[in-house]
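Please read these points with the sequence and the model side by side.

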Amino acid sequence: MDYEEAVAKAPPGWRHFTADDIARLPREVLEHEMARVPPGESEERMVRGLFWTLVYHLEPGKWAELARFEPIHPDLVAALPDSIEVAVDVAAGSGRLTQHLVTRARHVIAIEPSEGLREMLARRLPQVTALAGWAESLPLDDGIAELTSACGAFGPDPAVLAELRRVTAAGGHVALLSPEDPEWFESHGWRRVTVPAFRAPDHPAWIDEFFGPLDPPHELVMSRVDG
Ligand SMILES: C[S@@+](CC[C@H](N)C(=O)[O-])C[C@H]1O[C@@H](n2cnc3c(N)ncnc32)[C@H](O)[C@@H]1O
């Protein structure tokens, strides 16, 4: 989601944060995220535009609760390759997708820039190698994975897609669940699997009040990496 869209679509919980919270973000995160913010922005627009970053890095438990009540549709999990050696989950969060990859791959690597979310993932899935990193420059060798995946994280960003392909072995797959702009992927030859949107399981009222209506992942786009 680009910055302008993030400002426009900030969930109601943005009021929970202030400019002081932006200043509390880890230095490297602040540098990465401020690169998206145009000069001269008001405090309100910055807080709105960085809402999700503030949640992931300062309130990771809130994201983990939301993810718990937005499960990935089982048909999408079933459509992913299985019996593979190495799978990578980029922008893994607290492990909503990673938990399924461990049943399909012998070794799973999770990349996640938020320390709080990475620690949750590592506690929940100790068999996974959890690394800090950004999708634009993955800390991984070329062709390391047969499946490189992400859930709820990316759209057709050329720099990110190039990195996802770089770390995927020839004949392997890149799979994005709940991608931004799935139509773009479909029109560029990616296989698209869509299941009807489904209701989130019963959950505490604060989650809607903070994040707005829940929308469990119900789209997958997948592409084979040629040699
Ligand atoms: C919507 S959450 C999805 C988390 C997890 N994949 C899931 O499905 O629950 C987006 C995640 O992407 C991470 N993230 C945001 N920008 C990133 C980037 N440029 N590179 C890698 N991860 C990023 C965030 O820290 C957050 O954990």
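1. Helices (H or I, at least four residues) and strands (E, at least two) are DSSP runs, numbered from the N terminus. With those names, L97 sits in the loop between β1 (84–90) and α8 (98–101). Residues are numbered from 1 along each chain as its sequence is written. The model is predicted: local features need pLDDT of at least 70 and side-chain atom pairs count only at pLDDT 80 or more, while totals for chains, interfaces and linings use all residues.

2. Is L97 buried or exposed? A residue is buried if 20 or more other C-beta atoms lie within 10 Å of its own, exposed if 12 or fewer, and partly exposed in between, with C-beta atoms placed from the backbone. L97 counts as buried because it has 28 C-beta neighbours inside 10 Å. Leaving out residues up to four places away in sequence, L97 touches I72, D89, A92, S149, C151 and L177; contact means that the C-beta atoms, placed from the backbone, lie within 7 Å. L177 is 80 residues from L97 in sequence, yet their C-alpha atoms are 8.8 Å apart.

3. A91 is also found in the loop between β1 and α8. Its phi is near 60°, a positive value in a residue other than glycine. Most residues other than glycine have a negative phi. A91 counts as buried, since 22 C-beta neighbours lie inside 10 Å.

4. D181 has a positive phi too, near 55°. This residue belongs to the loop between β5 and α11 (182–187). D181 is partly exposed because 14 other C-beta atoms lie within 10 Å.

5. There are 18 residues around the ligand, and A91, G93, R96, A135 and C151 come nearest; to be near, a residue needs its C-beta atom, placed from the backbone, within 6 Å of the molecule. The shell divides into 12 nonpolar, 3 polar and 3 charged residues. Here Ala, Val, Leu, Ile, Met, Phe, Trp, Tyr, Cys and Pro count as nonpolar, Asp, Glu, Lys and Arg as charged, and the others, Gly among them, as polar.

6. In what order do the 7 strands of the open sheet stand? The order is β3-β2-β1-β4-β5-β7-β6, with mixed pairing; strands pair if DSSP finds at least two bridges between them. β3 (129–131) and β6 (191–194) are at the edges with a single partner strand each, so one side of each has no neighbour in the sheet. On average, neighbouring strands are turned by 20° against each other, direction ignored.

7. β2 (residues 105–111) and β3 pair in the parallel sense over 3 bridges, and I109 has T129 of β3 as its bridge partner. β5 pairs with β7 (residues 219–224) in the antiparallel sense over 5 bridges, where A175 has M222 as its partner in β7. β6 and β7 also run antiparallel, joined by 4 bridges, and V193 stands opposite L220 in β7.

8. The chain is divided into domain 1 (3–58) and domain 2 (71–224), with bounds from an automatic or database domain assignment. Their centres, taken over C-alpha atoms, are 23 Å apart. 7 residues of domain 1 are in contact with 9 residues of domain 2. On the domain 1 side, α3 (27–34) and α5 (51–58) each supply at least two residues. That side has 4 nonpolar, 3 polar and no charged residues.

Terms used: Contact = placed C-beta atoms within 7 Å. Axes fitted to C-alpha atoms, helices over the stretch in contact; angles between N-to-C directions.
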